[in-house]
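Work through the exercises below with the sequence and the coordinates at hand. Each task is followed by a solution in steps.

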Amino acid sequence: MIYYISGGARSGKSSYAQNLALSLTNKPVYLATARNWDKDFEKRIIRHQQDRDERWENIEEEKYPAKIDFTGKVVVIDCVTLWLTNFFVDTKYDVEASLEQIKQAFDDLTQQEATFIIISNELGMGLHADTESGRKFTDLQGWCNQYIAKKSDKAIFMVSGLPLTLK
């Protein structure tokens with residue numbers, strides 16, 4: 001089962017995903033895809049970790065989560081945007097290569113018999129990026145989101161803390 005949860009910044013995606021996971025199991029897994037880029041980002045990581053209690057198993061994997069066995073587990077993946085950023089940076093901002101690599105990583109992961117709750121950001125609904133790399137990443141994020149949403153069993157869009165069921 002694949003749940004896809006998208007929305008803007010601070011729309012309630014993570015809280016919704018974590019509550020969903022806890023409604024499905026007493027021992028969910030939180031898979032963090034973020035790289036620790038700097039001190040500010042480290043503070044964000046710590047804040048996210050403090051949002052979860054002892055019921056959670058925390059795993060960090062920035063690019064290839066399929067190498068971890070999640071069989072029979074409920075896994076919150078937070079988030080596609082940071083996961084995609086890792087590919088984008090590592091390919092030196094190659095949109096096509098990044099998209100192909102994350103599609104393959106996603107497909108490899110979702111071959112496992114597990115429940116995945118995947119969080120992603122909707123970037124293309126606000127201001128246009130003022131840099132070429134920003135515009136490329138917004139396009140890349142949109143194409144990636146479409147791919148994951150299409151393959152998901154359920155899709156939820158978060159707005160102001162409220163879930164809107166898309167499928």
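The exercises cover the fold, the surface and the cysteines of this predicted model.

**Exercise 1.** State how many helices and strands the protein has, and in which order the elements run.

Solution. Start with the count: the secondary structure comes to five helices and seven strands. Next, read the elements from the N terminus on, which gives β-α-β-α-β-β-α-α-β-α-β-β. Then turn to overall size: the radius of gyration is 15 Å, close to the 15 Å of the globule rule for 167 residues, so the protein is as compact as a globular protein of that length. Along the principal axes, the C-alpha atoms fill a box of roughly 45 × 35 × 35 Å. Finally, take the contacts between residues at least 6 apart in sequence: 75% of them join residues at least 24 apart.

**Exercise 2.** Describe the surface of the protein and its charges.

Solution. The protein exposes about 9200 Å², and carbon and sulfur atoms supply 50% of that area. Of the 167 residues, 45% count as buried. For the charges, count 21 positive and 24 negative side chains; the centres of the two sets lie 2 Å apart.

**Exercise 3.** How many disulfides does a search of the whole structure find?

Solution. The search finds zero disulfides. To check this, use the cut-off: a disulfide needs two cysteine sulfur atoms within 2.5 Å. For Cys79, the nearest cysteine sulfur is that of Cys144, 10 Å away, and Cys79 is in no disulfide. Cys144 is likewise in no disulfide, its nearest cysteine sulfur being that of Cys79.

**Exercise 4.** Are Cys79 and Cys144 buried or exposed?

Solution. The cut-off for buried is under 20% relative accessible area. Cys79 has 5% relative accessibility, so Cys79 counts as buried. Cys144 has 2%, so Cys144 counts as buried too.

Definitions and conventions. Residues numbered from 1 in each chain as written. Predicted model: local features only at pLDDT ≥ 70, side-chain atom pairs only at ≥ 80, totals over all residues. Heavy atoms only, no water. Helix = DSSP H or I, 4+ residues; strand = E, 2+ residues; numbered from the N terminus. Rg over C-alpha atoms; globule rule 2.2 N^0.38 Å. Buried < 20%, exposed > 50% of the residue type's maximum accessible area, 1.4 Å probe, protein only. Contact = heavy atoms within 4.5 Å. Areas by Shrake-Rupley, 256 points an atom, 1.4 Å probe, with all protein chains shown as cover. Lys, Arg positive; Asp, Glu negative; His and termini not counted. Charge placed at Lys NZ, Arg CZ, Asp CG, Glu CD.
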